[in-house]
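Subject: Structure handover

Hi,

Here is the structure I promised to pass on. Please open it alongside this message; my notes follow below.

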Amino acid sequence: MDLSRRRFLQAAVLTAAAAGATAACGGGSGSSGSKDSKNLSLWYWGGGLSDKVVADAKKHFSDITLKTSLVGGDFKTKLLTGLRAAQSAPDITGIKGEDIASFLPNANRFVDLKSVGADKLMPQYLSWKLKQATTQDGKLIGFPIDIGPCATYYREDLFAQAGLPTDPAKVSAELSTWDDYFKAGVELHKAVPKTYLVNNIGSVFSMIIGQGTKRFIDENNTFIGDQDHIRTAWTTAVKPYTLGIDAKINDNTWNAAISGGALGTEIGAAWHALDISSAAPGTKGKWRVANLPGGPSNLGGSFLSIPATSGNPEEAFKIISWILSPENQARGFTDAALFPTAPAAYKLPALTGGDAFFGGQKTIEIFGPAAEKIPSAYEAPADAAVSVPFFNELTSIEAKGKDPEQAWKDAVSQAKQIAQRQGVK
Amino acid sequence: MSSSPVAGPAATGPSSGSGTAPAGRPAPDRPRGGPGRHGRRVRPVSAGARPGPRRVARHWPQYLAISPYYLIFTVFMLFPVIFTVYLAFQKWDGIGDMHFVGFQQFRFLWDDPIFWLSVRNTLVIWVLSTVPMLFLALVLAVLVNSTKRFTAFYRVALFIPSITSLVAIAIFFGAIFSNNFGLINAILRSMHLSAVPWLSNEWTIKLVIAALMTWQWTGYNAIIYLAGLQAIPSELYEAAKMDGAGPVRLFFSITIPLLRPIILFTVVVSTVTGLQSFTEPQVLFGSEASTNPNSGGPGQAALTTLLYFYHQAFDNNDFGYGAAIVWAFFLVILLIVLINWRLVQRKERRP
C-alpha cells in the first residue's frame with residue numbers, strides 16, 4: 001500500500017525499457033529457410049476431410065512423407081499465425097468456407113492453383129464454388145472440399161396431422177415460395193400448437209441472402225447492405241416472427257427442441273442432416289427433405305490451399321486433386337458427410353442410396369440438382385464482418401421484441417460503420 | 001461516542017500485522033535491501049549510489065534462479081502488451097501489410113455504439129457479481145472462522161469452485177438456466193409459476209453470468225478474508241465484549257475496520273478479474289449462430305468488452321481496432337481501480 005508514486009514510475013520505465021530491448025531482438029527472427037520437397041505437411045480440422053481418404057493418400061503417395069495435423073480450436077487464427085513464417089507454415093492447408101473471402105486480399109501468400117494443374121480439372125467442379133476462391137484478377141487459391149446445398153427438412157408425420165402435403169415432390173411444388181412456406185407453417189402451428197415452423201429468423205435471412213446474386217458489398221468494394229435485395233430478405237425473414245411461427249431459439253436448447261417436436265421444419269445445408277439425426281435419433285424415419293422455398297442456396301463448404309512457402313507445390317496439388325477426386329469425395333460423403341463438389345460424384349452409389357433417417361428417401365434427388373443451380377455471388381473479404389449486425393438485430397427482435405423497423409435502421413448504421421472500419425467505400 | 005471502544009486499536013496502524021507486533025518487525029516503509037544478512041558487508045554509501053553490474057554478477061545464482069519467470073513474462077506477456085500499443089495505431093488484417101492510421105481506430109471506437117454497449121454490459125455484470133460476491137465472502141469467512149469442527153472441510157469446500165474449469169461451469173449453468181428445458185424453469189413450472197426466459201432477456205442474461213461469477217469466486221475471497229480474520233488479535237474482541245458490544249457491533253466496529261487492507265486487496269483483484277469476463281458469455285452463447293459465434297447472445301446482452309475485442313480481432317481480422325478496444329478498456333479498468341483505491345483509503349484515514 002505504501003508503494004510510492006516515484007518507485008512505481010521507476011519500475012514502469014524499467015519494464016518498458018526491457019520490453020523495447022526484447023522487441024528489437026524479436027525483429028530478426030523471421031528467417032525463411034528452404035523447405036523440404038519430400039516431407040509435406042497438411043493441416044485440417046476434425047471432420048474437415050475424411051480421415052480414411054487422408055490415410056489412403058499417405059499410402060498412395062509413397063515417395064512422399066505426408067504429415068497430417070488435426071488443428072483444433074480457432075483454425076483461422078492458427079493458420080494466420082502459421083503463415084507468417086515459412087518454417088511454421090503447412091504445405092497444404094484447409095480453409096473454412098466462411099474464411100476464404102478474408103484470405104483473398106492476401107492471395108500472394110498462396111500458390112495460384114491454376115499454375116500447378118488446376119486449370120485442367122476445373123470444368124469437373126462446380127463453377128460457383130470455385131469462384132469463391134478466385135481473386136478478382138483470376139488467381140485460384142483454394143480447391144473445394146465440400147459444399148452445403150440447402151433444403152427444407154420437414155416432419156412428415158406432423159405435416160400429415162396438419163393436412164399438409166407429405167410427399168417430397170409435392171411439398172417441393174406446393175411450398176415453392178417463402179410465402180407458401182410460411183402459410184403452411186401457420187396451418188401446422190394451428191393443428192399442432194407446440195410445433196413451430198422455423199428455429200429462428202436469422203436462419204431464414206441467411207438462406208435468402210444465399211439465394212441472391214448480390215451480398216452486402218459489391219465488386220467495386222461499395223457497401224450495398226442498405227439496398228433493396230437485403231431489405232427484401234429482411235422483410236421476408238421477419239414474417240415468421242410476426243406470424244407467430246418462429247420458435248425463437250437462440251440459446252442451447254435447439255437439441256431439445258428438435259427431439260421434442262417443437263420444430264416442424266428445419267431449413268439447412270446438406271450437412272445439417274447429421275445435426276438433426278444426432279440430436280433427435282428418436283425421430284428416425286419421420287423426416288423428409290424437400291426443395292428450399294425460393295430456390296437453391298448454399299451454406300458453408302471448405303477448401304484446400306497451398307501456402308506460397310510450400311516446399312513442393314506441384315506434388316502438393318497432386319495430393320489435393322487425389323483427395324478431392326469424385327470417387328474419394330463420394331467416400332468423404334459416406335465417412336464425414338462432406339457433400340461433393342464434383343457433380344460426377346452425385347451418380348456414385350454412395351450418394352444415390354436411400355437414407356433410413358429420411359424414411360429411405362434418396363436425398364440426392366433434392367440436393368444434387370440444387371447444388372448445380374446455386375447462384376454465384378461476389379463475396380467481399382469484409383462480407384462476413386459487415387453481415388453480423390443484421391443477424392444480431394434479428395435476434396434482438398426475437399429476444400427483446402425490438403421494433404423490426406428500428407432494428408433494420410440500427411443494423412444498417414452498424415454495418416456501415418464496420419464497412420468503414422474495414423476499408424469499404 | 002459510539003466509536004470509542006475501538007478507535008484506539010484501529011488508529012494504531014493501517015495493517016493488522018503492524019498493529020499486533022510493532023516492535024518485532026522492521027518499519028514497513030524503510031527501503032528494501034538495507035537490513036539483512038548482507039547489510040553489514042555492503043558499504044552503505046556506494047551501495048545506495050551505484051548498484052552496478054558487479055552486484056548483479058556477485059548474485060548471479062539468485063538472478064538466474066528467478067530469471068525463467070521474467071523471461072517468460074517478457075516474451076509472452078510484456079512484449080505482446082507493448083506490441084498492442086503499436087497495433088492500435090495501425091490497420092492490419094493479421095497477415096498482409098500494416099498501414100499507419102494515426103488515431104483513426106480510436107475515433108471509430110468513440111463512434112461505435114456497440115463498444116459502449118459492451119462497456120455498459122461489462123460494468124453491469126461486474127457490479128452484479130462483485131458486490132454480492134464480496135459481501136457473501138465476508139459473511140462466509142466470519143461463519144467459518146467461528147466454527148470449531150470440520151474447519152478444514154469448509155476451507156476446501158470454499159476453494160473448490162475457484163479451481164473448477166470455467167468452461168464446465170458455464171455449460172452447467174447454461175443447462176440449469178435453459179429457457180425451455182432448464183432445471184430452474186422446471187421447478188418454477190412445478191410450483192405453477194410462469195417460467196422465466198433466463199437466457200433471452202437482457203437483464204436475466206446478465207444475472208445468470210453474474211451468478212456464475214459469484215458462485216465461482218465467493219469461496220476464493222472467503223479464504224482470503226479468513227486469513228485476514230485470523231490475524232486480528234482476540235484481545236480486541238474480548239475488550240469490546242467487556243464494554244458490552246454485541247456480535248453485530250463486533251463485526252462492524254472491529255472486523256471490518258481491521259480487515260480493510262484485505263478488503264482493498266479483494267476489491268482491486270475482483271475489479272480487475274471481474275471486468276475481464278470473457279469465457280462465461282463466450283461459452284454460454286458461443287455454440288449458436290454459425291454467422292457470429294461471439295455476438296454475446298440475444299440482444300448482445302452478454303457482449304462484454306473483451307468478447308467484443310475478440311470478435312473484432314479474431315473473427316473480423318481487424319487487429320488494429322481490437323488493440324484500440326483493449327487499450328481504451330484498460331484505461332476504464334485503471335480508472336475504476338483508482339476510484340476504488342481512493343474510496344477505501346479515505347475511509348481508513350477518517351478516524
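**Chain B: contacts and confidence**

In chain B, 68% of the contacts with a separation of 6 or more are between residues 24 or more positions apart. Bear in mind that this is a predicted model. Its scores are ipTM 0.81 and pTM 0.82.

Chain B contains 16 helices and 2 strands. Its 351 residues include 34% that count as buried. The average pLDDT of chain B is 82, and 81% of the residues reach at least 70. Strand 2 (residues 99-100) of chain B has the highest mean pLDDT among the elements of that chain, at 94. Helix 1 (residues 4-12) of chain B has the lowest, at 37. Over residues 1-49 of chain B, pLDDT stays under 50. For that stretch the model has 36 contacts beyond four places in sequence.

**Helix 5 of chain B**

Helix 5 of chain B spans residues 60-87. A bend of about 45 degrees sits at B:Ser67. A proline, B:Pro68, follows within four residues. Helix 5 of chain B is hardly covered, with a buried count of 1 among its 28 residues.

One residue there to look at is B:Thr84, which lies in helix 5 of chain B. Is B:Thr84 buried or partly exposed? B:Thr84 has 19 other C-beta atoms within 10 Å, so it is partly exposed; counting as buried takes 20 or more. Leaving aside neighbours within four places in sequence, B:Thr84 contacts B:Ala323, B:Val326 and B:Trp327. B:Met98 is 14 residues from B:Thr84 along the chain, and their C-alpha atoms are 13 Å apart.

**A sheet in chain A**

Now to chain A. Three strands form an open sheet there, in the order 6-5-7, with antiparallel pairing. Strand 6 (265-269) and strand 7 (287-290) of chain A are at the edges. Each has a single partner strand, so one side of each lacks a neighbour in the sheet. From one strand to the next, the twist averages 30 degrees.

Here is how the pairs line up. Strand 5 (residues 150-155) of chain A runs antiparallel to strand 7 of chain A, and 4 bridges join them. In this pairing, A:Tyr153 is opposite A:Val289 in strand 7 of chain A. Helix 13 (residues 272-279) of chain A packs on the sheet and touches strand 5, strand 6 and strand 7 of chain A. The direction of helix 13 makes about 135 degrees with that of strand 6 of chain A.

Strand 5 and strand 6 of chain A are also antiparallel, with 5 bridges. There, A:Tyr154 stands opposite A:Thr265 in strand 6 of chain A. Which cover does strand 6 of chain A have? Strand 6 of chain A is mostly covered, with 5 of its 5 residues buried.

**Nonpolar cores**

The largest nonpolar core holds 125 residues. Those with the most contacts inside it are A:Leu113, A:Ala151, A:Phe205, A:Ala237, A:Ile320 and A:Val386. Helix 18 (residues 383-400) of chain A gives this core its largest share, 8 residues.

Take A:Leu113. Not counting residues up to four places away in sequence, A:Leu113 touches A:Ala118, A:Leu140, A:Ile141, A:Phe143, A:Ile306 and A:Phe317. A second core of 59 residues is separate and includes B:Phe115, B:Leu199, B:Ala210 and B:Val267.

Best wishes

Terms used
Residues numbered from 1 in each chain as written. Chains lettered and ligands numbered in written order. Predicted model: local features only at pLDDT ≥ 70, side-chain atom pairs only at ≥ 80, totals over all residues. Pairing = 2+ DSSP bridges. Axes fitted to C-alpha atoms, helices over the stretch in contact; angles between N-to-C directions. Contact = placed C-beta atoms within 7 Å. Core = buried A, V, L, I, M, F, W, Y, C linked by C-beta atoms within 7 Å. Buried ≥ 20, exposed ≤ 12 C-beta atoms within 10 Å, placed from the backbone. Bend = angle between axes of the 7 residues up to and from the residue. pLDDT = per-residue confidence, 0-100.
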